Structure formats: structure tokens, C-alpha cells
Amino acid sequence: MQLNLTSIKTSSDGAWQGDNPLNHAFPLLILQTTLVLFSTRFLAFLLKPLRQPRVIAEIIGGILLGPSALGRNKHLFRLVFPSWSTPILESVASIGLLFYLFLVGLELDFSSIRQSGKRAFGIAIAGISLPFLFGVALSFFLRKAVHGEDKVGYGQYLLFMGVALSITAFPVLARILAELKLLTTQVGQTAMAAAAFNDVAAWILLALAVALAGNGSTGDSRSPLTSLWVLISGVAFVAFMLVFVRPMMNWVAKKCSQPQDFLDEACICVTLAGVMLSGFMSDLIGIHAIFGAFVFGLTIPKEGEFARRLIIRIEDFVSGLLLPLYFASSGLKTDVAKIRGVQAWGLLVLVVSTACAGKILGTFVVAMLCMIPARESLALGVLMNTKGLVELIVLNIGKEKKVLNDEMFAILVMMAIFTSLMTTPTVMAIYKPSRRACQVERQSPSDENSHGMTRILACIQGPQNVPALINLIDSTTSAKTSPLKLYVMHLVELTDRSSSIMMVQRTRKNGFPFINRFSPGTSKDQIEAAFEAYGHATPLTIRHSTSISALSTMHEDICHVAEDKRVAMIILPFHKQWREGEEDEDVGLKWREVNQNVLKNSPCSVAILVDCGFSGMDQEAYDGTDQEVGTATTIYRRVCILFLGGPDDRKALEVGARMAEQPAITVTLIRFQVQAGLESRNSSNNFRDKEMDEVAVEELRRKCNGSVKYVEKDVNNVSEEVLNIGQSRAFDLFIVGREVSVAKLADNQAEHPELGLIGDILASSHNGMARSVLVIQQNLQRANEHQ
């Protein structure tokens, strides 16, 4: 029975009045949205161990909700997705798609594309042209083999098939490369650059295909003159946007950067209205509305705060809520059952084979001509064969324009799914970036490298960690100690948000991070600027890097750089910060897991810095704006080393010895002499440990020549004594070992095991204390060698 859409009410009167909410537009849309979100997120969870990007789960989830699976139960399908609800669902989904394509345009940075080089450009051209030609050649056969496709005009059909087979999904490719830690390899860098070229070419080809398509049927196709006018209007629209709108948006971005809330709201509203208006204009011209939104995204300046604010305002709502509806609406049009019979499935194999052969072969040949090794060239071809949302957009427009019928649409959707699914396992099988299989010669706890320089890797989660880290490094650097070489790694979480991909594209160096020197004139963020200013004021050698990775594998990046650079110690920020004894910031349990994983897998010693006001001692000394930081007022600090014995405590002595060389630092060594029976239960190593402890303490006192105040305490209750020392507020920083050799203390349960028992007591805010602590774990391998 045909329903009149004008007779459908928006909301129901409720079940108590005998009204079925599913017969009304808004309650049904809520149910559909909830079902789509649940199914796609559940599939994404299932596919995550396989390292598949979320877009694959969303495409498959949309298909399962359509006639291919849920639609097998006709009654249930008509109840949840009745035919009258399709225009409503598609309209909401189209709004999400419109703003998502705006974000895609916002991500695309032409400056990075121009810097990609001729090799990436050549690979991109080959990766587009050969599969496009293969698609054109295949379309001649498919027009005759697929029932009904012979009624479509040659020009439209050839163009859509060529575009469908030649697209590479840049966001999906970036996600896969990040998951596989390949973005800093030659393969990853070349693939990203070529995919950026491909992204631009895909939109040009798509706009051309839409301009020529008409409604797809031979009789109703556009005349050449109409298509020409559409193309001319489209070019004029793009020129107008880039010449006139772009300077306007630069002005809006500058106004938005001013700290005034009403201006911020006005600029955001103007931009959102601009997205809608641009979409309307491109639709008015005869090109799809998403093209206008994409071009408008290109006009937004990529640098500065404005783009970041736009992403914060739009991204989660669009990508998390509205965009999955587009996959669902696409899935409602996909009926895998249309691929019936041996011939139809043979056509699917033929289309998949042609798509893979065109992309992989074209990319492989040109990559080999560019002197890229065969295995890497093959991996590059597989990566460039990745499909995604843009592919789905092309297919939906083709179906909307009646260029693709139900069978051909289903075949091409299955092709997109298969080529994307095969990318990750295939690349993992054929290409693995070379890593050192042998153990490199690491720095020992007390030795420096051949140049007399100690290397430190300092990890930073955000600008809030910078002051405390600079204070710590400053405290361990003096003219008497060996020089430091500091590697600063900014840790950035890679999420499913498009802004993460934007960050990947901007840095272009991910996975195992690229270490680069500061160079004058380059753009710097707040962290880089702070360390550059600090580097000007000190003789330190500082290198900065960025790791953009999923938190579950972030420790691999950290440990790899530590091993590659042969650092003596990794410094990690604690996941909580305190100000004046109260918790000021908690970056989350996931970052806590990063620290724990580094402690388990580190190839060197590890220190966790708990900042409970240590950063506030010299907060403005290195803010990245004052270049005369060398004239900063001397800051006096009181440091206490709590020593119970063991490898970790001995390492803490070495760090304290470096600090004692600083004239502005007062170091106190408090050694706890525990009563008999409280020592470690491991009696076989107890005597040897005591000997090494005595040697380490005497060495510190001899080396520091009386500059370290030495205190011995006979204690029964170590926890109580540590608590009393912490509450005395006599010290600005405590240095402790993570593992303790006191049996009774080892029985206690720590709130934060990564800090050890002593560090946990000092850093606990429950006691009204929360002192700054540096918790040190000796290199596990060396610690075991001494056992």
C-alpha cells in the first residue's frame, strides 16, 4: 500500500493512546539510528583485532541491515525500514555526508601535496590511469554481460566504471599505515603522498562523471551542450571559491582567533552556513551537493586555531552519529542476492581481479622504475588498492543517476569491501620493515657513549608536561657532569576521528617516529617552541619527534626509538597531575597502560615523573616566547633520595649524583636500615645486593665530596617513616626506586603499581601530601645480570 508522505506525522501520541511510534517519522528515525550505531560499533569491535579500519565495519553493517540479511525477514524489515522512511533517512544521512566531505576538504593540504616529489606523483598517475583504463575496457564487456546495463549511455558508464576502479581511499590508507607502523617507512611515505594526489584526482573525475551522467538512461542523458555548461559552471564555481571565498575565510579565521566568545560563535555559524550554501550551489549547477562542501573545506586555512575549533565542533557528531546513517542507507540499496548464478559470481571475481590488477600492476611497475625494491613496490601497490567512503559515494551516485543497476551496484560494493579487507593481511605477509634482530650495544647505567654524551628520551603527552620535564632536565645538567642529548617525543593518540588523520597528514612521519632537528623558520607548536627556547639557553642537544599511534601500541614506538637511539633512560609523565595537593588533571587510564607497557618492554632504564607542583617552580622560564631564557633567575630546589637497596635504588643514586653537581640543588640521601627479618625473602641474592648497595652509597658520597647530606634511619615501619618525611614538606622532589627489597613493605598493595610502593605513598593525594616524585626502574636486563 502506497503511503502519502504528507500524511505521516513527525511524532506519535504515545503507546498509551494506542499509537504505534514506528508509524511516525521521528521515533522511527531514532530507532533506526540506534540500530545502525549498535551494529556498526559491534562489528568494528569484532574487526579491531584484525586491524581493519572502522569504515569496513560500517559498510558491512549497512549491508547486514539491508535486504541482504535483515531484509530476508520481510515483516521485520518493513517494520524497521519501511519504504516511506527511506527519503527521511537518506536526507539526514546526506547532511552528515555533506559535513563529512567538508571535513575531508579541511584535511586536504595542498602544500603537503606540492612537497611530495615527482616519484609519488608518477606513482599516483600510474595508480589512477591504468585501473581507469582497465575499468573502461571492462565496462564494454559488462554492458553486455549484465542485464539492463546496455541501456546506459556509453560515456556515462565508461566514466563511472573507470572512476570506481581507480580510487584510493586516503583516510582508510592512513589508518592502515598507522596500524601497521609503516608511515615512516619508504613505502608508507610514498603511499601517503601518492594517495593525496589520488584524492584530488578522484574528486575531479567524480565531478566530471556527475556532470556527464544526466539520469543515466540513453534516452534521457544530458546533451553535450548541457554537460559542457555544467562543466564550465563547475570550474567557475571552484575558481570563485578559491579566489574570493578563500580570502574571506582567512579573514574569518583571524577574527575567530581573537579571545571573544561571541566572535567565535559567529565565525562557526558563518562557516556552517557556508557549508550548506556551497552544497546548494553545486547542486544547483548540476554537480552533487557534496562537491560544493568539499571545495568549501579547501578554502579554510589549515594553520591556526580556527580549523581545530571547527573539527572539535563538528567531527564527533558527524562521524559518530550521522555518517553511519549514510552507510546504512547505502546498505539498504545493496542486495547481495542480486548476484545470483555462476555467471554473476564470475563477474564479481572478474571485477575484483581487474581492480586489483590495475592498481597493483600500475603502481608496481612505476615503483620499480623509480628504483624501489620489488617487495616494497608490491606492498605499495596493495596499499594503493584500498577503497573506502569515496568509493561508496561514487557507487551511490552511479545508482542514483541510474548508471548502475542493482546487480552491478552489489558487485562493485562487494569489490570495495574485498579490496579493503585484503590490504592489511596482504601487506603484513609481503612486507615487514627491517628492524634490528640483534641487541644493540646500549649504554650501561653509569657509562656514556663514545662521545661522552648521555642520551635521554623524554616523552610528553601535552604542553602541561613541558615545565616539569624542563625543570627535571635542568636539574640533571651542569658543567661538571657529562653532556646530555635529549630526544623529546610528543605522544599523540591515533583515534578513529578524522582529525587524527589530519595530524598524520601534517606530520607525515608516524609509527616509528622521524627525528628531526629544529630549523629556523619552520612552524612550531607550543611544545617545540618551548624546547627550542630551552635549547638556546643551555648546551643541550635536543631532537624533537612525534609519535601518532594507537595507545595500545604506543609503547612499541617509544621502545623502538629508545633502542634505535641507544638511550640510557626513558622519562615518562605520570597520568595524573596535582596542583597544591589537589588533583588537577587526569589524562586517563589508557595513558597509564602506556606507561605500564613501557616498563615491561623497555630496552633501557625508565623513570616516571609525578608532577605535584614541580613544574610550577619555574613555570614561565621556558614558555617558548622569551629567547633570553638564559638570564632566568636561579631556582633553588631540595631533592631527597630514599634508599632501601636494590637495583632500582642504585639507579636512583646515579640520577641523584648528577643533580648534586648543581650548586642550586640540595640533595639529601636518606638510607633506611630495616630491622632483621624485614629484608627481602630472596636470601640467595640478599648478601650480594647488600654488597652492591654499600659500594653504590660509598661511591656517591666519594663522588659528591660532601655535597650530599647523608642520613641513616633505623626503622620498624618503612611506610610510616616515608609518610612522615613526605608530610614534612621539606623537599621539592623525591627520587626513589620502583622495586623495594623489604619483605613486609612488599606485602602492601599500591594504588598505582607502576610507581612502586614508596613512590605510591609519596604521590598519594589521600594523605593530603602528593609530593613530586621521580620513580626509577633499572634496565630489566641489566638488573637480572646482577642477580
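This is a predicted model: local features need pLDDT of at least 70, side-chain atom pairs count only at pLDDT 80 or more; totals for chains, interfaces and linings use all residues.
**Entry: the whole chain**

I noted 28 helices and 11 strands in the protein chain. The chain has 787 residues, and 56% of them count as buried.

**Entry: H10 and H12**

H10 covers residues 224–256 and H12 covers residues 289–298. Their axes lie 9 Å apart, and the packing angle is about 40°. H10 is therefore oblique to H12. The crossing of H10 past H12 is right-handed.

Which residues meet here? From H10 I listed Phe 237, Val 238, Met 241, Val 245, Arg 246 and Met 249. From H12 I listed Phe 291, Gly 292, Val 295, Phe 296 and Leu 298. I sorted the residues of this contact into nine nonpolar, one polar and one charged.

Most residues other than glycine have a negative phi. I looked up two residues with a positive one.

Lys 402 has a phi near 65°. I found Lys 402 in the loop between helix H16 (389–400) and helix H17 (406–430). Lys 402 counts as exposed because its relative accessibility is 57%.

Arg 566 has a phi of about 55°. Its loop runs between helix H21 (554–564) and strand S4 (569–579). Is Arg 566 buried, partly exposed or exposed? At a relative accessible area of 38%, Arg 566 is partly exposed.

Definitions and conventions:
Residues are numbered from 1 along each chain as its sequence is written. Side-chain values use heavy atoms; hydrogens and water are left out. Axes are lines fitted to C-alpha atoms, for helices over the stretch in contact, and angles run from 0 to 180 degrees between N-to-C directions. Helices (H or I, at least four residues) and strands (E, at least two) are DSSP runs, numbered from the N terminus. Angles under 35 degrees count as roughly parallel, over 145 as roughly antiparallel, 65 to 115 as roughly perpendicular and the rest as oblique. A crossing is left-handed if the near helix is turned anticlockwise from the far one by less than a right angle, and right-handed if clockwise. Contact means heavy atoms within 4.5 Å. Ala, Val, Leu, Ile, Met, Phe, Trp, Tyr, Cys and Pro count as nonpolar, Asp, Glu, Lys and Arg as charged, and the others, Gly among them, as polar. Buried means under 20% relative accessible area, exposed over 50%, partly exposed in between (1.4 Å probe, protein chains only).
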